[in-house]
Amino acid sequence: MKELSLHILDITQNSIRAQAKLVKLTIIESLAANVLAIMIEDDGCGIPADKIQNIADPFVTSRTTRRVGLGLSLFKAASETCGGFFRITSEFGVGTKVTGTFNRDHIDRAPLGNMADTVVTMVMSFEEADLIYEHDYNNQSFIFDTREIKETLEVTSLNEPDILNWIREFVREGLEKIMEEE
Amino acid sequence: MAKSLAELKAIREKKLNEINLRHGKNGYRVVVGMATCGIAAGARPVMVKLMEEVAAKNLVDVTVAQTGCIGSCRLEPIVEVYGANNDKVTYVHMTPEKIVKVVDQHLIGGKIVDEFTMTIVDGKIVDPEIKA
């Protein structure tokens, strides 16, 4: 994956396949601590305890169309290559949490990439499910919550071009603002 | 996000009539493969461009959706266009540039863009449209 945001997009698709109603994405960046951390938490069906042990093995997957599953293994490899760690915890029937950390200045760390486009693409695939996206950059934070938008507009799905365009701009501007140099 | 939400609500109200129209019609349904293979091959920019084009050209009878792995990872990004009677055309190795042509020729003009379909990639000549 050329961008970390593509890993994020990919892993949230697992949450949707697990029937999650709410996905919480947290990104923490700290230049002082030299850390970039990505956490994806969902309330989907969860992973049985006997399956979680080797979930990031590329030859382990729950789907039946073929025997490989690369999403989590690629994310794990990306973080471990950059001096970070990968962790997945899950409770069957409750939800799953995936964490990947990176040494922010590691030469092999892919750029975070276009989060605005990633969020829009996520929202398009989420349908009724909701997304909370919190991004913390050097202690400045940006929060995006689809529940708030749905409430304001009184709709159940945000998959309309005008709403998506607005979301894209909102995320782009929000992130620009927290990343401004002081 | 309170202030901007008000602005979104205003944009929204203007559009509401069109949306009702969209759900009433039987137009094209466009599906983009969005599994690990599709994402790694560049499905996201294709998806975003498609959304932009549908909005900019005001294609009220087109719905855009996503799916998982379509099964031919080497041909990703894959875009499937379903017609009103569920006939399907599969476009492969898509890019943001190619999707613009598909929007203009196929979704607006009703003419299949033969050179982007599976027929050419596999070197076999088959009808690009798969009947429902």
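Visitor: How many bridges join strand 1 of chain B to strand 2 of chain B?

Guide: This is a predicted model, in which local features need pLDDT of at least 70 and side-chain atom pairs count only at pLDDT 80 or more, while totals for chains, interfaces and linings use all residues. Residues are numbered from 1 along each chain as its sequence is written, and chains are lettered from A in the order in which they are written. Strands are DSSP runs of E with at least two residues, helices runs of H or I with at least four, numbered from the N terminus, and two strands pair if DSSP finds at least two bridges between them. Strand 1 (residues 29–33) and strand 2 (residues 63–67) of chain B run parallel, and the bridges that join them number five.

Visitor: Which residue in strand 3 of chain B stands opposite Val30(B)?

Guide: Strand 1 of chain B is joined to strand 3 (residues 79–82) of chain B by four bridges, and the two run antiparallel. In strand 3, the residue opposite Val30(B) is Val81(B).

Visitor: Which helix of chain A gives the largest share of the side that touches chain B?

Guide: Residues are in contact if their C-beta atoms, placed from the backbone, lie within 7 Å. The contact takes 26 residues from chain A and 24 residues from chain B. Helices 1, 4, 5 and 6 of chain A each give two or more residues to the chain A side. The largest share, seven residues, comes from helix 6.

Note on methods
Contact = placed C-beta atoms within 7 Å.
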